[in-house]
Protein chains: 2
Amino acid sequence: MAMNLKELSAHLGLSQTTVSRALNGYPEVGEATRLRVMEAASRFGYRPSPAARRLATGTAHALGIVFPVERNVLLDPLFVEFLAGVSETAGRNNFDILISPTTSETEIATYGRLVRSGTVDAVIISSPAVDDPRIVRIGALGFPAVVHGRAGEGLDVVSLDIDNRGAFLQATRFLLQLGHRRIALVNGDERFTFAVDRRAGTLDAFAEAGNQPSLDLFSAGPMTMENGYRAARAALAGEGPPTAFLCGSILVALGVLKAVAESGLEVPGDISIIAHDDEMPAFRADQMMPPLTTTRSSIRAAGARVAEMALAQVTGEVLDQPHEVWPVELIVRASTAPPPVR
Amino acid sequence: MAMNLKELSAHLGLSQTTVSRALNGYPEVGEATRLRVMEAASRFGYRPSPAARRLATGTAHALGIVFPVERNVLLDPLFVEFLAGVSETAGRNNFDILISPTTSETEIATYGRLVRSGTVDAVIISSPAVDDPRIVRIGALGFPAVVHGRAGEGLDVVSLDIDNRGAFLQATRFLLQLGHRRIALVNGDERFTFAVDRRAGTLDAFAEAGNQPSLDLFSAGPMTMENGYRAARAALAGEGPPTAFLCGSILVALGVLKAVAESGLEVPGDISIIAHDDEMPAFRADQMMPPLTTTRSSIRAAGARVAEMALAQVTGEVLDQPHEVWPVELIVRASTAPPPVR
DNA sequence: AGCATCGCTCAAAGCGCTTTGAGAGGAGCC
DNA sequence: GGCTCCTCTCAAAGCGCTTTGAGCGATGCT
């Protein structure tokens, strides 16, 4: 087994106190002593036992993410990318990441367990629903948490979200300016805040321009290719088909593209497409045919920042911005054009 | 804070020993006492502190997965699905899952840290490379580990793999029987064992039939749509284009489908496609157009079994099968047909 | 010189659990 | 009754760390 503190201090002829303090950067220990301790520690490959430290300090040095085993269909590739972001900062600060598997029904209980057992110091809540009971619960518990998405109004839970509403406002505004009127929205599941916000942004643009949105062209569901395909088929087959599609993700856009192609229509000649791009490396908007116009925001960077915000709370640091909202860029590529004249 | 053992036993008028034993199912405690203890524990919502238990027993009650922050491009959606499987069994046994973020260079060190610090009781190694140093290392350490994929010969590390070689043997055999001769393989990165095995299986089928494979049609790379598309474009543009494609994943097949469509060819009339299907719920082979012929194996089920194997090692259970290899089914759907006559 | 002050170090007391070794009481046997 | 043998329970000793409160020279001030 690895060396423990007792042995190390014995080797050094110092007390455990001094060694521990030297290693943890307490000011009470002399610089010369500290150096000597540090050197010996790395020479012997000493690593304090996390369990012991945890027990003694009550801090876990870990971030918790509850992993919804069944619901993940919605998020699959996005989740990994987000996780990668969280990982990056967590790793840099020597924090572990604990994934707690759970089913929807027991999800709240799982959070409670995580919180109370002291296995983690802070919790990250991703893709919150509207009035998400998880957030309400965590808020009530007063436990360090960061929501990736929009947290309810009154709750003082730290959150980071991208400006979904602004993004879809911009995107829709752009389509309207190009002359599109019949615009289809293939949204994510509207129980989630991000989807609600996107819908709102889309409507904002119509209101701003004084145009009537065609609500029959709005749909919501899991952000998969399959659903994009299905929604687009349905929209294109209806009377008064759309001339443009707004898609919740690149995956959805892929499905839409396919449906459009099958209908013998062309992008962007007949149909314009704008998708929201979370920057999944496996699905790059600029590599699609045609390269997609997108509203872009790195979900990975968001993950990294969310982790930072969580760590800040753990260390008692005060965030000057408890609710960050990141702006989203509209990147115009080749999937948008004025609607066909007829 | 939650109640601790001391308080609970005080309430019950029993010693900590007895309460602890009652809760952990030791035989020394009377049935009546046990019931009384259990009842009180759940009534007070008592949960033993993981940290304390960890320290006392030296067992972490957690499984470790090292999460390669950069390499994940290859695996994105697959990884989540696998993780979901691991989660299921881990959760059922009250094991936590620790994700340790790492970059390729420090990956081995990360494993070492995980192993030595006692943060986890077992480690899961996914998508091993040929002669993967991680496995060699873990094998040398004698630490409980399960490899998802093929573990090197001599190393006695428990592993679970699907029969990649057999799968591609079957698939290729099927294509050969249909009359295809120029068969393209769009493989995963051939540093990984699964990809090597698939290539081998493909060659096996050619050898078995006494045919020459067209190695110029074989390619390898990340299993993304993009790469599938690129590989297929290249293959179709060359002289002596293929009449069939073998794809490493559904994603790859999607890219191939697109390239085929762009070349004005039809599936399966002009081109047959078989893909390996890991059963990602977001990309269902039977929902594609046309529904894809696949070699199918649930990566999620594999994750669940891998976790079981890891737990077994932790509890000292002996696995009668330290190297499981799961058979893979060939599911014939609508993307395969005899090659066009000309 | 005498006092307070500072810098450095230490012994010891937890943190909340498991586990060892032992004891108390009852049953079973001669 | 006296003995052993179970059954059930307990006190106490860790697990490896942090942290409190104290001690002990050396330094600075009057």
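Domain bounds are taken from an automatic or database domain assignment. The model shown is predicted: local features need pLDDT of at least 70, side-chain atom pairs count only at pLDDT 80 or more, and totals for chains, interfaces and linings use all residues. Residues are numbered from 1 along each chain as its sequence is written, chains are lettered from A and ligands numbered from 1 in the order in which they are written, and side-chain values use heavy atoms, with hydrogens and water left out.

**View 1. Domains of chain A.** Chain A is assigned domain 1 (5-48), domain 2 (62-162 + 300-326) and domain 3 (164-298). Between domain 1 and domain 2 of chain A, the C-alpha centres are 35 Å apart.

**View 2. The protein surface near DNA strand C.** DNA strand C is surrounded by 28 residues, of which T17(A), L5(B), S20(B), R21(B) and Y26(B) are the closest; a residue is near a molecule or strand if one of its heavy atoms lies within 4 Å of it. Of the atoms of DNA strand C that come within 4 Å of the protein, 57% belong to sugar and phosphate. Polar contacts are pairs of N or O atoms within 3.5 Å; within protein, one atom must be able to donate a hydrogen and the other to accept it, and residues adjacent in sequence count only if both atoms are side-chain atoms. T17(A) places a polar side-chain atom 2.5 Å from a base nitrogen of DNA strand C. Two or more residues of the surface near DNA strand C come from each of α2 (16-23) and α4 (50-57) of chain A and α2 (16-23) and α4 (50-57) of chain B. Helices (H or I, at least four residues) and strands (E, at least two) are DSSP runs, numbered from the N terminus. The surface near DNA strand C comprises 10 nonpolar, 13 polar and 5 charged residues; Ala, Val, Leu, Ile, Met, Phe, Trp, Tyr, Cys and Pro count as nonpolar, Asp, Glu, Lys and Arg as charged, and the others, Gly among them, as polar.

**View 3. The protein surface near DNA strand D.** Around DNA strand D there are 28 residues, with L5(A), S20(A), R21(A), Y26(A) and T17(B) nearest. Sugar and phosphate make up 58% of the atoms of DNA strand D that come within 4 Å of the protein. A polar side-chain atom of S20(A) is 2.6 Å from a phosphate oxygen of DNA strand D. Bases are approached by T17(B), with a side-chain N or O atom 2.5 Å from a base nitrogen, and by A56(B), with a backbone N or O atom 3.4 Å from a base oxygen. At least two residues of this surface come from each of α2 and α4 of chain A and α2 and α4 of chain B.

**View 4. Packing of α2(B) on α3(B).** Helix α3 of chain B (residues 31-44) packs with α2(B) at about 85°, the axes being 9 Å apart. Axes are lines fitted to C-alpha atoms, for helices over the stretch in contact, and angles run from 0 to 180 degrees between N-to-C directions. The two helices are therefore roughly perpendicular, a term for angles of 65 to 115 degrees (under 35 is roughly parallel, over 145 roughly antiparallel, the rest oblique). T18(B), V19(B), R21(B), A22(B) and L23(B) of α2(B) meet T33(B), R34(B), V37(B), M38(B) and A41(B) of α3(B), where contact means heavy atoms within 4.5 Å.

**View 5. A cis peptide bond in chain A.** M289(A) and P290(A) are joined by a cis peptide bond with omega about -5°. P290(A) sits in the loop between β9 (272-277) and β10 (293-296) of chain A.
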